[in-house]
Amino acid sequence: MIVVMREGASAGQIEHVVERLVEDGFKVHRTTGNTQIILAGVGRPDSFDVKEYEVLDGVTEAYRISSPYKLAGRNFAPEGTVIRFPNGVSVGGEEVVVMAGPCAVESREQLFASAAIVKHAGGQFLRGGAFKPRSSPYSFQGMGLDGLKLLREAGDTTGLLIITEVMEIAQIETILPYTDCFQVGARNMQNFNLLRELGQVRKPVLLKRGPAATVEELLLSSEYILAGGNYKVMLCERGIKTFETYTRNTMDISAIPVVKKLSHLPIIGDPSHGSGRRDLVAAMARAALAAGADGLIIEVHPNPEKAVSDGAQTLFPEQLEALMGELRAIAPALGRRLAG
Ligand code: PEP
Ligand code: MN
């Protein structure tokens, strides 16, 4: 923590800042420049607010020099976190995983057909929402428990891992036996109570970035899960709100290397929600891989034009096949390998 005092700041103002730094748990080092006093607070207090220093009398600037996230920060595991799943799949290592499936579980036929498509294309995870966060309360809300049972059955039949969304604390216990990985959707990235509870489970969590969240806020949200002792957290870039209207969201490809730099947690790219258009999904998937993503989560459906949700961004089966071929060809140039 660095506090730069205004030229001519009084001894009393300087002393007050020093007292505040000491109260917050810092050791204070004082440097006198030509015209200004600079106070360096050294140490790692659990919490302090830079803004509180900025507004003190006699202060011109205050900077945080340590990251606010302790467990999600790169320093916590400099070599990077690898999350191992039951069937030998791991995320965060050399291999790049593909999670694919429909936006929502709609029926047995639809889900089993989707699972066959994902398996055939060479994916590792079957995705599909049984509980759906919909913008309108009148839209399809998901199949609930029946959807979870179908997911588990499709996973066991094909050997694919299951990833499905949890929207509230009460659903954790219901979902737990049926899934291999929880997904926290973009809308719930700052549902801190839900995140805290997911810190108590011992199954991996994919935490999606909120549509208006900064990377720092995403990392701070992951900290809630990590702080509970659940270290199996993957992050996901799924597009953010910008002034661009051509795409549903703006896929922030730069967030991928930023997360890699700031954190040890694996990062997954979601080109489906990131673009909102199936004609852009492949390009965004290739870009995410090139930017360093550890995996991709992609919507695919046996008949996307009949999908009950997110049809426009959902790939036709043959489009997923073609994309997988491209990704398989690109990965080695990046020192990676497509899993499977
Ligand atoms: C989804 O994966 O279908 C979904 C609802 O994603 P997001 O939370 O990113 O909107
Ligand atoms: Mn969707």
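**Entry 1: disulfides**

I searched the whole structure for disulfides and found 0. I note here that the model is a predicted one. A disulfide is a covalent bond between the sulfur atoms of two cysteines.

Is Cys 181 buried or exposed? I read a relative accessible area of 0%, so Cys 181 is buried. For Cys 236 I read 0% relative accessibility, and Cys 236 counts as buried too.

**Entry 2: the place of ligand 1**

I looked up where ligand 1 sits, and the space it takes is the largest pocket. I listed the residues around ligand 1; among them are Cys 103, Glu 165, Gln 183, Gly 185, Ala 186, Lys 208, Arg 238, His 273 and Glu 299. Arg 127, Lys 132 and Arg 187 are also in the list. I sorted the shell by class and got 7 charged, 3 polar and 2 nonpolar residues.

**Entry 3: contacts of ligand 1**

Which distances did I note between ligand 1 and the side chain of Arg 127? I found an N or O atom of that side chain 2.8 Å from an oxygen atom of ligand 1. For Lys 132, a polar side-chain atom is 3.0 Å from an oxygen atom of the ligand. For Arg 187, I found a side-chain N or O atom 3.0 Å from a ligand 1 oxygen. I also looked up the cover: ligand 1 on its own has 290 Å² of accessible area, and the protein covers 98% of this.

Note on methods. Residues are numbered from 1 along each chain as its sequence is written. Chains are lettered from A and ligands numbered from 1 in the order in which they are written. This is a predicted model: local features need pLDDT of at least 70, side-chain atom pairs count only at pLDDT 80 or more; totals for chains, interfaces and linings use all residues. Side-chain values use heavy atoms; hydrogens and water are left out. A disulfide is a pair of cysteine sulfur atoms within 2.5 Å. Buried means under 20% relative accessible area, exposed over 50%, partly exposed in between (1.4 Å probe, protein chains only). A residue is near a molecule or strand if one of its heavy atoms lies within 4 Å of it. A polar contact is a pair of N or O atoms within 3.5 Å; within protein, one must be able to donate a hydrogen and the other to accept it, and residues adjacent in sequence count only if both atoms are side-chain atoms. Accessible areas come from the Shrake-Rupley method with a 1.4 Å probe; for residues, only the protein chains shown count as cover. On a 1 Å grid over the protein atoms alone, a cavity is a set of points where a 1.4 Å probe fits but cannot get out, and a pocket is an open set with protein on both sides within 12 Å along at least five of seven lines; lining residues have an atom within 4 Å of a point. A molecule sits in a cavity or pocket if more than half of its atoms lie within 2 Å of its grid points. Ala, Val, Leu, Ile, Met, Phe, Trp, Tyr, Cys and Pro count as nonpolar, Asp, Glu, Lys and Arg as charged, and the others, Gly among them, as polar.
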